[in-house]
Amino acid sequence: MLNDDQRPKGGEEPRGDDFWDVEIEPETDSALERLGAALRQRSSALDPELDHRVMATIRHSPRGYFRAALRWWTQPRPVRISPIGVLATVGALAILLVAVGRYFGGRGDATAVTAVASATGAATSDTRIIRFVISAPRASRVNVVGDFNGWDTQATPLTPVGEAGVWTVEVTLTPGRHEYAFLIDGREWRPDPSTPKAASDDYGSPNSVIIVGASST
Amino acid sequence: MYSTLSDEAVVRRVLAGDDEAYALLVARYRVRFTRYAVHMLGNREDAEEALQDAFVRAWRSLRRCRDPEHFDAWLFRILANRCRTRMARRKRYEATFVQDVRALSSAPADRPPTSGHEDPGYDLAIDRALASLDPDQREAFLLKYVDQMSYEAMATLTGVGVSALKMRVKRAADRLRGLLEERAHVE
């Protein structure tokens, strides 16, 4: 009888007249030995390029999606282009750049913004009139927001002056220290570059400081 | 440079990203397994395609080789499956292969190389005899008589029990012996 190790593996079942409980030892046969030798000899002439073909296939067959993606990004490959394709690509890039420029340009330009706050006179014995001026050529509206108007973003709009993108407003302030900033188009906070910045800011954007008094600037 | 490495070590190198090390496994098993495939499929072109396919499939799924020490057995099973798939696809052709001697003679480029036997009809007789065997019997006969493997090694390689392999070899031997004797009587 066969033990478990001798039984066929891989789910093979006995078929037909397979007698699994009978030990079979095929006798050696010189004719079959000669046949085997002849087959070995015939097999000696193999294609020497097989190894190269296998390795070439492997080198061009990435294993797994990650390696495929990595190879796609890192492996140089020939690219065929046509003049019309180049023109279309350049045109698309130009349109994209213009659109991006218009979007960000409409929000004001940091390098184009200049401002000045100055005392223009005394409203009463206890107050001063301060003129705020800012240059923001691409802005569509500008407000000055500070502790003097309760940080109301709508309370003190500036008025455009001429065609140069200069905005101005006059505000009556009491003597003392005031913090403020400009709000461009309702979303972009700008400090006044002509005055000192406040030491701290609770909201993440710096404020400017103006001292109003007998010797206010 | 890796020629002294075991199969397991080479497999681990390949899994670590050194794909070029796989060439050693290809070189190590191409002759033995191509010989098997040639005689299983009956022509060299199909055999080399099956072997190339098996090598590439093995590389792609190398992580599923649970016993890298016996990479050869794992590769052999992949190859055996590829050969069976090709045989199934070519079933009609194989029937012709067995029966139409003249068609075989007219397609020398697609046949296995000759043995150099002094009898020019001997190779053709071998082809006919092998092709007439059941694929399982043919496989067992090739491993035993052509690759000269022990039954224990054959069992490791194929995953089939020793007794079943002995039975297959015996049946193949009986069949081949009968065909060869028949041919000798005809001559």
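Tutor: Happy to. Let's start where B:Arg35, B:Tyr36, B:His39 and B:Met40 of helix H2 in chain B meet B:Pro135, B:Arg138, B:Glu139, B:Leu142 and B:Val146 of helix H8 in chain B. Sorted by class, the residues of this contact are five nonpolar, one polar and three charged. Please keep in mind that this is a predicted model.

How are the two helices arranged? Two packed helices are described by the angle between their axes and the distance between the axes. Here H2(B), residues 22–41, and H8(B), residues 135–146, pack at about 140°, and their axes are 10 Å apart. That angle makes H2(B) oblique to H8(B), since only angles over 145 degrees count as roughly antiparallel. The crossing of H2(B) past H8(B) is right-handed.

Now follow H2(B) to a partner in the other chain. Helix H2 of chain A, residues 50–59, packs with H2(B) at an angle of about 135°, with the axes 10 Å apart. H2(A) is therefore oblique to H2(B), and their crossing is right-handed. From H2(A), the contact takes in A:Leu50, A:Asp51, A:Val54, A:Met55 and A:Ile58, and from H2(B) it takes in B:Tyr22, B:Ala23, B:Val26, B:Ala27, B:Arg30 and B:Thr34. By class, eight of the residues in this contact are nonpolar, one is polar and two are charged.

B:Arg30 sits in helix H2 of chain B. Is B:Arg30 buried or exposed? B:Arg30 counts as buried because 20 C-beta neighbours lie inside 10 Å, and 20 or more is the cut-off for that class. Setting aside neighbours within four places in sequence, B:Arg30 is in contact with A:Leu50, A:Asp51 and B:Leu51.

Let's return to H8(B) and go on along the chain. B:Gln148 is in the loop between H8 and helix H9 (151–158) of chain B. Most residues other than glycine have a negative phi. B:Gln148 is not a glycine, yet its phi is positive, about 55°. This residue counts as exposed, with 12 C-beta neighbours inside 10 Å.

A:Asp185 lies in the loop between E6 and strand E7 (188–190) of chain A, and it is partly exposed, with 15 other C-beta atoms within 10 Å.

Strand E6 of chain A, residues 176–184, runs antiparallel to E8(A), and five bridges join them. Across this pairing, A:His178 stands opposite A:Ile210 of E8(A).

Among contacts in chain A with a separation of 6 or more, 54% join residues 24 or more positions apart.

Notes. Residues are numbered from 1 along each chain as its sequence is written. Chains are lettered from A and ligands numbered from 1 in the order in which they are written. This is a predicted model: local features need pLDDT of at least 70, side-chain atom pairs count only at pLDDT 80 or more; totals for chains, interfaces and linings use all residues. Two strands pair if DSSP finds at least two bridges between them. Helices (H or I, at least four residues) and strands (E, at least two) are DSSP runs, numbered from the N terminus. Axes are lines fitted to C-alpha atoms, for helices over the stretch in contact, and angles run from 0 to 180 degrees between N-to-C directions. Angles under 35 degrees count as roughly parallel, over 145 as roughly antiparallel, 65 to 115 as roughly perpendicular and the rest as oblique. A crossing is left-handed if the near helix is turned anticlockwise from the far one by less than a right angle, and right-handed if clockwise. Two residues are in contact if their C-beta atoms, placed from the backbone, lie within 7 Å. Ala, Val, Leu, Ile, Met, Phe, Trp, Tyr, Cys and Pro count as nonpolar, Asp, Glu, Lys and Arg as charged, and the others, Gly among them, as polar.
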